[in-house]
Structure formats: structure tokens, C-alpha cells
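Trainee: I have a structure open and would like to talk it through with you. Could you take a look with me?

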Amino acid sequence: MEKIQHTNVQVRELKLHVAEIGSGPKVVLFFHGFPEIWYTWRHQMVAVANKGYRAIAFDHRGYGLSEQPAEPEKATLLDLVDDAVALLDSLGIDKAFIVGKDFGALSAYRVGVLHPERVCAIITLGTPFIQPGPSVVQNHLLPEGFYISRWQEPGRAELDFGRFDVKTVIRNIYILFSRSEIPIAAADQEIMDLIDPATPLPPWFSEEDLSVYASLYEKSGFCFALQVPYR
């Protein structure tokens with residue numbers, strides 16, 4: 001971990017926070033999801049670097065230590081695709097293996113579709129390939145009170161999250177997402193109400209991890225994260 005280097009790289013109109021370890025012509029570029037940051041990939045970065053790859057993970061625009069766009073409400077997944085290609089250009093990289101998790105997988109797929117010449121291969125976790133379009137999430141097929149539907153409503157998640165400090169919000173989301181049950185709120189509940197404050201963190205997520213995530217979301221907030229991917 002201590003060998004991971006951190007820089008801010010000019011990518012289009014913003015500076016993105018970039019973490020990197022390893023060297024050589026073979027590059028693995030990691031895309032995080034929500035509520036994540038580059039830190040999600042810290043162990044995998046070291047592992048692939050030890051196998052001779054150059055490992056790069058970055059905070060998406062609006063996340064963590066990367067800068068916020070001027071008009072986050074207009075952002076789409078395609079902004080993240082353009083950022084990824086521009087980041088490769090800025091770092092002088094022709095092609096990379098791309099690893100994406102959660103909505104980072106959606107961005108990874110789109111890089112492959114739109115810029116196949118920049119991709120060696122794509123590896124994804126948690127999200128299958130979905131054709132791009134306005135109806136990627138079929139809300140009418142989802143249960144009433146499903147967390148994605150709730151977070152798509154402008155202002156609703158902001159009010160829900162705003163009742164708690166950032167660290168508690170992150171804690172609650174990781175507890176929710178580590179369960180086998182789908183997070184569904186009743187009509188008189190919000191998503192944050194589904195968590196018993198006495199519930200411990202999952203065993204693979206430490207208090208130190210929570211503090212790292214919370215410190216970076218305290219900087220970035222949730223405005224962009226709710227826009228992309230949910231809205």
C-alpha cells in the first residue's frame with residue numbers, strides 16, 4: 001500500500017486523482033463503483049503490479065479527491081467513458097486491460113464498445129453487459145421502495161442522507177449492500193431507515209476502511225454520485 005503513488009492528472013476540463021503502482025507496457029486500469037473510490041482496488045493493484053503490470057486506479061470525476069464538474073446535474077456515464085480515454089492519453093498509454101465493478105462495469109463496457117482500439121480486455125464484477133439507452137434500469141419491473149428507484153428521485157436521497165453524518169451513511173450503505181436481501185423500503189420508510197444502528201460492519205470492511213471512505217466522501221459529497229450512476 002505504501003508504494004502506491006498518488007497524482008492529480010489533468011483530464012479534459014478537470015483534474016482527476018490517480019493512484020498507481022508498478023511499471024511496464026502492460027497496464028490494468030480499474031473503475032470503481034458506489035460508494036467507492038480508488039481505494040476499493042488497493043489490494044488488486046498491488047497483486048497485479050507484483051505480476052509485472054502497471055496498475056492504475058482513479059477517482060471518477062465528482063468522487064473522492066477528483067474535481068467536481070461545473071454542472072453535475074448534466075453528467076452521464078459517457079462523461080466517465082470520455083474521462084477514461086482522455087486519462088489514457090494523458091498518461092501516454094495506448095491500450096489497457098480494464099477492470100470495472102458496479103457502475104464502473106457499465107463504464108468499462110462502454111469504453112470497449114466505443115473505443116475498442118484502446119482495450120486489451122475487459123473484466124467486470126457485479127454488473128452484466130446492458131445495452132446503453134435511457135431505459136437501462138426497468139423501474140416498472142423493480143419492487144416498490146427498491147433503493148435504486150428511491151435514489152433516482154431528485155432530492156429524496158439527499159434528504160435521507162442529510163439526517164446523518166457522512167460516515168454513518170457510508171457505514172449504512174456497506175451494511176445494506178453486504179446482505180443477501182435486496183434493500184427495499186416500506187412506504188413510510190427511507191433507505192437509511194433499514195439499518196439498525198447496532199448492526200456491525202461486515203467482517204471484510206474494517207473501521208479503518210470506513211474512515212478512509214468517509215474522509216473522501218466528506219470532501220466530495222454525494223451530489224455527483226447520485227447523478228452518476230443513478231440519475
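Trainee: Which residue forms a salt bridge with D209, and how far apart are the closest N and O atoms?
Mentor: Bearing in mind that this is a predicted model, the partner of D209 is R42, and the closest N and O atoms of the two are 3.1 Å apart.

Trainee: Are they buried or exposed?
Mentor: R42 is buried, and D209 is buried as well.

Trainee: Okay, zooming out, what domains does the chain have?
Mentor: The domain assignment gives domain 1, covering 1-133, and domain 2, covering 135-230. Taken over C-alpha atoms, the centres of domain 1 and domain 2 are separated by 23 Å.

Trainee: And how many residues are in contact across the two?
Mentor: On the domain 1 side there are 30 residues, and they are in contact with 22 residues of domain 2. Between them the two domains bury about 2,200 Å², with 68% of that area on carbon and sulfur atoms.

Trainee: Which residues of domain 1 lose the most area to domain 2?
Mentor: Those are F34, P35 and Y39, which together make up 31% of what the domain 1 side buries.

Trainee: What about polar links, how many are there between the domains?
Mentor: The count is 10 residue pairs in polar contact between domain 1 and domain 2, with both residues at pLDDT 80 or more. On the side of domain 1 that touches domain 2, helix 2 (77-90) and helix 3 (103-114) each supply at least two residues. The residues of that side divide into 15 nonpolar, nine polar and six charged.

Trainee: How many salt bridges are between the domains, and how many does the structure hold?
Mentor: Between domain 1 and domain 2 the count is one salt bridge, while the structure holds 17 salt bridges.

Trainee: Let's pick another one, then: what does D79 pair with?
Mentor: D79 forms a salt bridge with R12, and their closest N and O atoms are 3.8 Å apart. This pair links distant parts of the chain, since D79 sits in helix 2 and R12 in the loop between strand 1 (5-11) and strand 2 (14-21), 67 residues apart.

Trainee: Why is D79 called buried but R12 partly exposed?
Mentor: D79 has a relative accessible area of 17%, and because buried means under 20%, with exposed over 50% and partly exposed in between, D79 counts as buried, whereas R12, at 37%, is partly exposed.

Trainee: And what about R54, which residue does its side chain meet?
Mentor: The side chain of R54 meets that of E20 in a salt bridge, at 2.4 Å from N to O. R54 is in strand 4, residues 54-58, and E20 is in strand 2, so this pair too links distant parts of the chain, 34 residues apart. Both R54 and E20 are buried.

Trainee: Changing topic, where does S66 lie?
Mentor: S66 lies in the loop between strand 4 and helix 2, and S66 is buried, with a relative accessible area of 1%.

Trainee: What does its side chain reach?
Mentor: The side chain of S66 reaches the backbone nitrogen of H17 at 2.8 Å. Leaving aside residues up to four places away in sequence, S66 touches K15, L16, H17, D59, H60, R61 and K219.

Definitions and conventions:
Residues are numbered from 1 along each chain as its sequence is written. This is a predicted model: local features need pLDDT of at least 70, side-chain atom pairs count only at pLDDT 80 or more; totals for chains, interfaces and linings use all residues. Side-chain values use heavy atoms; hydrogens and water are left out. Domain bounds come from an automatic or database domain assignment. Contact means heavy atoms within 4.5 Å. Buried area is the accessible area (1.4 Å probe) that two parts lose on being put together, summed over both. A salt bridge is a side-chain nitrogen of Lys or Arg within 4 Å of a carboxyl oxygen of Asp or Glu. A polar contact is a pair of N or O atoms within 3.5 Å; within protein, one must be able to donate a hydrogen and the other to accept it, and residues adjacent in sequence count only if both atoms are side-chain atoms. Helices (H or I, at least four residues) and strands (E, at least two) are DSSP runs, numbered from the N terminus. Ala, Val, Leu, Ile, Met, Phe, Trp, Tyr, Cys and Pro count as nonpolar, Asp, Glu, Lys and Arg as charged, and the others, Gly among them, as polar. Buried means under 20% relative accessible area, exposed over 50%, partly exposed in between (1.4 Å probe, protein chains only).
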